[in-house]
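Reader: I'd like to go through the charged pairs in this one. Can you take me through them?

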Amino acid sequence: MGFFSRMTIANQWLLRPLLLSTMEKSPASNALVRTTTAITMAKGSDAANVLASEAEVTVNFRILPGDSVSGVIEHVKKLCEGYDIDLKVISQRAPSNISPENVRGFEIIKEKVNKIYPEAIVTSYITIGGTDSYKYQAVSKDIYRFMPICLNQYEQRTIHNENEYISLENFGKIQWYFKELLKTY
């Protein structure tokens, strides 16, 4: 990050509105400040020249910590007022908890990241992708979803796509990091 971004993040108590408006302008960072919505499936007419008598969409919401499943459902109902819709929840789960930074595990993460990226400022962050780590909340409040890699734009676009790819350099950093993390912890 450049100086302006670092300063804004370090002084959120003063610059939070500016930070949020800046983050909302980019799709990647917008997902860090609000619940996201993705239409993942849609079905309508079987032919290009026939109007559908019924249409169906499946929507995936990634719920921001602080928001709730019930709040998202109420928001959708409000948006759909005046339309003949049938809302069905296929599956649901509350947003993941935010893990603490003032614990030994996070200190080890910071130590190991600084070995790979000495210039990095290590801070908490919201993972914008869904992970299975929520399943571990029953046994620990300290759950960190992290890989020590720096993805270029091509690598970012391949996530969960055809030819998913990370560089050998990134692959090596992942191996070193987790080996060191386990040895140290």
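Author: One definition to start: helices are DSSP runs of H or I with at least four residues, numbered from the N terminus. Also, this is a predicted model.

Reader: Fine. How many salt bridges does a search of the whole structure find?

Author: Seven.

Reader: Start with Lys 173. Which residue does Lys 173 form a salt bridge with?

Author: Glu 169, with the closest N and O atoms 3.4 Å apart. Both residues sit in helix H7, and because they are four residues apart, about one helical turn separates them.

Reader: And Lys 173, buried or exposed?

Author: Lys 173 counts as buried, at 19% relative accessibility; the cut-off for buried is under 20%. Glu 169 is exposed, at 55%.

Reader: Which residues do shared partners join into one network?

Author: Glu 111, Lys 112, Glu 180 and Lys 183.

Reader: Take Lys 112, then. What does the salt bridge with Glu 180 look like?

Author: The two side chains meet at 3.7 Å, N to O. This pair links distant parts of the chain, 68 residues apart: Lys 112 belongs to helix H5 (residues 104-116) and Glu 180 to helix H7 (residues 168-184).

Reader: How far apart are the closest N and O atoms of Lys 112 and Glu 111?

Author: 3.2 Å, and that pair is a salt bridge as well.

Reader: What about burial for Lys 112?

Author: Lys 112 is buried, with a relative accessible area of 5%. Glu 180 also counts as buried, at 15%, while Glu 111 is partly exposed, at 34%.

Technical notes
Residues are numbered from 1 along each chain as its sequence is written. This is a predicted model: local features need pLDDT of at least 70, side-chain atom pairs count only at pLDDT 80 or more; totals for chains, interfaces and linings use all residues. Side-chain values use heavy atoms; hydrogens and water are left out. A salt bridge is a side-chain nitrogen of Lys or Arg within 4 Å of a carboxyl oxygen of Asp or Glu. Buried means under 20% relative accessible area, exposed over 50%, partly exposed in between (1.4 Å probe, protein chains only). Helices (H or I, at least four residues) and strands (E, at least two) are DSSP runs, numbered from the N terminus.
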